[in-house]
Amino acid sequence: MTSLIKMRRLILTALAMMVMGCTSMPMTFPTTLSKDLDLTRGREIRGESCGFQLLMVIPININDRYETAYNQLMSAAGNDKIANLSIEEKWFYAYFGTGYCTLLKATAYPLLNTPNISKKAIEEKLLILKDLRDKQLISEEQERARRQEIVDKL
Amino acid sequence: MKVFIILFSVFLLSACSSGQVVITKAPLEKFEKLGRTEGTGCGTMLLGPAYANFLPAMLNSRYERAYNEAVSNVRGATGLTDVTLQESWYWWVIGTTRCATVAGEAIR
């Protein structure tokens with residue numbers, strides 16, 4: 001009788017576990033027509049994230065790995081538009097569980113008539129300006145004027 | 001014991017990749033929208049318990065199948081735009097099944 005109760009509990013637990021699972025956040029990639037893009041300035045971007053399924057049922061960064069990879073990709077794209085999107089899934093076995101990695105690759109194209117100045121280049125120019133000002137090689141007014149010129153180019 | 005250690009080491013290094021699955025193509029000059037579509041591809045990692053969970057059954061091709069299903073669901077479609085990707089998984093004692101869903105606007 002006791003074993004029958006144990007068996008029933010086991011079956012109920014197994015059934016409950018069977019419906020256990022999760023769904024990742026949906027990632028949407030809007031499409032832009034080529035006539036709006038500067039196709040001469042495409043650059044490859046990527047976003048990657050890994051998670052681990054511990055003991056088959058305990059997800060560690062599993063459900064949000066898509067979101068992380070997506071955010072990395074979008075962050076790399078900045079204001080540019082995405083095309084040529086591809087996805088690659090990798091997994092590896094690690095005895096206590098399985099690791100899963102998601103790699104998103106795409107080409108980022110700037111919109112037509114977007115100035116060809118990268119964020120990094122702007123930051124570098126501003127740092128140089130600050131340095132010149134700190135060394136008192138330029139006046140505050142000159143620094144302000146140069147900053148304005150950089151901003152106007154954007 | 002030696003065989004077990006060798007096998008264990010091999011499995012520890014075992015891994016697999018789906019390969020690159022193209023979801024959206026190069027920027028298009030123009031296209032005709034044919035309606036929303038969706039495709040799902042599922043695969044399972046067998047065989048439980050966890051230490052024996054390294055046998056993929058249709059796992060690596062799930063995105064490719066989901067994409068192909070989404071495109072083939074609409075007659076005349078050659079690709080997708082405004083694509084949405086999503087994954088779900090569930091555990092069923094001796095394995096974990098993962099399903100990839102590719103949705104988007106079918107185009108030609």
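How many Å separate the centres of domain 1 of chain A and domain 2 of chain A? The answer is 34 Å, taken over C-alpha atoms. Keep in mind as you look around that this is a predicted model. In chain A, domain 1 covers residues 36–113 and domain 2 covers residues 115–154.

Let's walk along chain A. Starting from the N terminus, its elements follow the order α-β-β-β-β-α-β-β-α-α, giving 4 helices and 6 strands. Of its 154 residues, 23% count as buried. If you take the contacts in chain A between residues at least 6 apart in sequence, 71% of them join residues at least 24 apart.

How far can you trust each part? Chain A has a mean pLDDT of 82, with 85% of its residues at 70 or more. Within chain A, confidence is lowest in α1(A), where the mean is 64, and highest in strand β3 (residues 43–54), where it is 92.

Now turn to the place where the two chains meet. Chain A brings 44 residues to this contact and chain B brings 39. On the side of chain A that touches chain B, the elements giving two or more residues are α1 (2–18), β1 (21–23), β2, β5 and β6. The most comes from β5(A), with 11 residues. Sorted by class, this side of chain A has 27 nonpolar, 12 polar and 5 charged residues.

Finally, look for the largest nonpolar core, which has 29 residues. Both chains build it: β2 (27–29), α2 (65–77), β5 (81–93) and β6 (97–109) of chain A each supply at least two residues, as do α2 (62–72), β5 (79–91) and β6 (95–107) of chain B. In soluble globular proteins, nonpolar side chains tend to be buried together. Here, the residues with the most contacts inside the core are A:Leu85, B:Ile23 and B:Val102.

Leaving aside residues up to four places away in sequence, A:Leu85 touches A:Phe29, A:Leu104 and A:Ala106 in chain A, along with B:Ile23, B:Thr24 and B:Val83 in chain B.

How values were computed: Residues are numbered from 1 along each chain as its sequence is written. Chains are lettered from A and ligands numbered from 1 in the order in which they are written. This is a predicted model: local features need pLDDT of at least 70, side-chain atom pairs count only at pLDDT 80 or more; totals for chains, interfaces and linings use all residues. A nonpolar core is a set of buried Ala, Val, Leu, Ile, Met, Phe, Trp, Tyr and Cys residues joined through C-beta atoms within 7 Å. A residue is buried if 20 or more other C-beta atoms lie within 10 Å of its own, exposed if 12 or fewer, and partly exposed in between; C-beta atoms are placed from the backbone. Two residues are in contact if their C-beta atoms, placed from the backbone, lie within 7 Å. Domain bounds come from an automatic or database domain assignment. Ala, Val, Leu, Ile, Met, Phe, Trp, Tyr, Cys and Pro count as nonpolar, Asp, Glu, Lys and Arg as charged, and the others, Gly among them, as polar. pLDDT is the predictor's confidence in each residue, from 0 to 100.
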